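Subject: Structure handover

Hello,

Here is the structure for you to look over. My notes on what turned up follow below it.

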Amino acid sequence: MKRKKRIATVSLAGCFGCHMSLLDMDEHILELMELAEFDRSPLTDFKTFSRRCDIGVIEGGCCNEENVHTLQEFRKHCDVLVAVGQCAIMGGLPVMRNAIMHSEDPLRECLEEAYSSSAKVYNPSNQIPNDAALPLLLDKVYTCAEVVKIDYQIPGCPPTGEVLWATLAALIKGEPAPQEYHMIKYD
Amino acid sequence: MSTEFEFSVDGETIVAKPGQTIMDACDDAGVYIPRLCDVEGLVPQGSCRVCTVKVNGRTAAACTQPAEPGVTVENDTPQVQGYRRDLVRMLFHEGNHLCPICEASGRCELQAMAYRLGISQDSLYPYLQPVRPVDASHPDIALDTNRCILCGRCIRASRDVDGKNIFEYVGRGIHKRIGVNAENLAASDASIDDYAMSLEVCPVGCIIRKREGFFAPIGQRQFDNKPIGWEIEARHKNRIAVHQIDPSEEQS
Ligand code: SF4
Ligand code: SF4
Ligand code: SF4
Ligand code: FES
């Protein structure tokens, strides 16, 4: 019997909507389980790779150093990397901070707006969270392809379960990901 | 006496009338040439270059290039489509395009052109993420110039159809943007009934008609089921208006 393909998935600066869409492939999920097993993924809750994987599915772009590190790990451990969703491909909503924050000290201004200066914030300590456990924010949000080599991009916010199934089914067979007209949607 | 003449597009014979541009003649024949700055009813300005074709081996803008007897035009070839893909990509990289939250999504010509050209893979251009002004001063209309592709359709519509000259280009190079001929939109004599403010004019989500956003549900929007240009292709008896993207072309 042929060994099952191994798939890893992760949400970087994403909302998990793309993962929800992955679960939205209806009964194809049963077929997928026949053909593949999930390694490192929020679906298995494995936090590290147990072995080399055939396919890595990335949701979300990079907004902090942990995202970059994770993405590099995925590149190292997966044969084929698929960036899924507008956040991974163009930065999505998080990327708005790149454009909003054109100031002398953009990151600080953004954090102050979020944690102290905005009229809507209740924060008596007036502290911006600075626990050592928190990953360092990047100067701006980067797309996945700006950080590592990406093999395929499946746009959409999120791409439909049907499109994700068609993509995974092709990659499992060792074929290139299909890029048909109806599969390209940016919203 | 017939003064019509012929030229060829991708090996097909097209009949043109004197005075027609390559694009006019192709439109009549049901051969679609992609375009963004040109739209029926406005004077062509030839600025976006998405309609680039090769005429006897040299690139030209089909919307302004007069058709001539016997010329050989390349339109739907990998090389020409590649130029267009790069041009459209650059428009995405130059502005702030967040389709998931844009009210023009689904009826946006830039987005529809990207779909038609099969743009899904990454490009090497950086995202410039500029900060451009949003003018929400007018009671019925807003301008989000972050999405403006500088096609000038609003300028021509306001000047030539409405006779108002509300819009103009200001600045140069990368700083070029659309300006309003007054302190702001509210201070101009812009009206929601102007042709320039109609849905046909602005190809993207820059000119916003307030309180009218997201009027069509997903699945029923202008380009949800039919590619941009389908109505021109539908004039062609033998053409099938379904576009299959060749992945080998895009992923190289
Ligand atoms: S692309 Fe959309 S659904 Fe996917 S992570 Fe981003 S916001 Fe969420
Ligand atoms: S204007 Fe068009 S391309 Fe730009 S964000 Fe809106 S839908 Fe997307
Ligand atoms: S506002 Fe719209 S119509 Fe005017 S130049 Fe910009 S994109 Fe074109
Ligand atoms: S449509 Fe011809 S240059 Fe824009």
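Predicted model: local features only at pLDDT ≥ 70, side-chain atom pairs only at ≥ 80, totals over all residues.

Chain B overall

Chain B has six helices and 10 strands. Its C-alpha atoms fill a box of roughly 50 × 45 × 35 Å along the principal axes. How does the radius of gyration of chain B agree with that of a compact globule? For 252 residues, such a globule would come out near 18 Å; chain B has 19 Å, so the two agree.

Of the 252 residues in chain B, 53% are buried. Take the contacts between residues at least 6 apart in sequence: 64% of them join residues at least 24 apart. On charge, chain B carries 27 positive and 35 negative side chains. The centres of the two sets lie 2 Å apart.

Salt bridges

Side chains of opposite charge can pair when their charged atoms come close. Over all chains, the structure holds 19 salt bridges.

- A:D45 and A:K47 meet through their side chains at 2.6 Å, N to O. Are these two buried or exposed? A:D45 is exposed, with a relative accessible area of 52%. A:K47 is exposed as well, at 57%. The cut-off for exposed is over 50%.
- B:D27 bridges to B:R35, with the closest N and O atoms 2.7 Å apart. Both B:D27 and B:R35 are buried.
- B:D86 pairs with B:R89, and here the closest N and O atoms are 3.8 Å apart. Where do these two sit relative to each other? Both belong to helix α2 (residues 78-94) of chain B, three residues apart, so about one helical turn separates them. B:D86 is partly exposed, with a relative accessible area of 30%. B:R89 counts as buried because its relative accessibility is 11%, and the cut-off for buried is under 20%.

There is also a network in chain A: salt bridges that share partners join A:R75, A:K149 and A:D151.

Backbone points to check

The peptide bond from A:C157 to A:P158 is cis, with omega near -15°. A:P158 lies in the loop between β7 (152-154) and α8 (161-172) of chain A.

Which residues have a positive phi without being glycine? B:D10 is one of them, with phi near 50°. B:N56 is another, with phi near 50°. B:N56 is found in the loop between β3 (52-55) and β4 (58-61) of chain B.

Best regards

Conventions: Residues numbered from 1 in each chain as written. Chains lettered and ligands numbered in written order. Heavy atoms only, no water. Helix = DSSP H or I, 4+ residues; strand = E, 2+ residues; numbered from the N terminus. Rg over C-alpha atoms; globule rule 2.2 N^0.38 Å. Buried < 20%, exposed > 50% of the residue type's maximum accessible area, 1.4 Å probe, protein only. Contact = heavy atoms within 4.5 Å. Lys, Arg positive; Asp, Glu negative; His and termini not counted. Charge placed at Lys NZ, Arg CZ, Asp CG, Glu CD. Salt bridge = Lys/Arg side-chain N within 4 Å of Asp/Glu carboxyl O.
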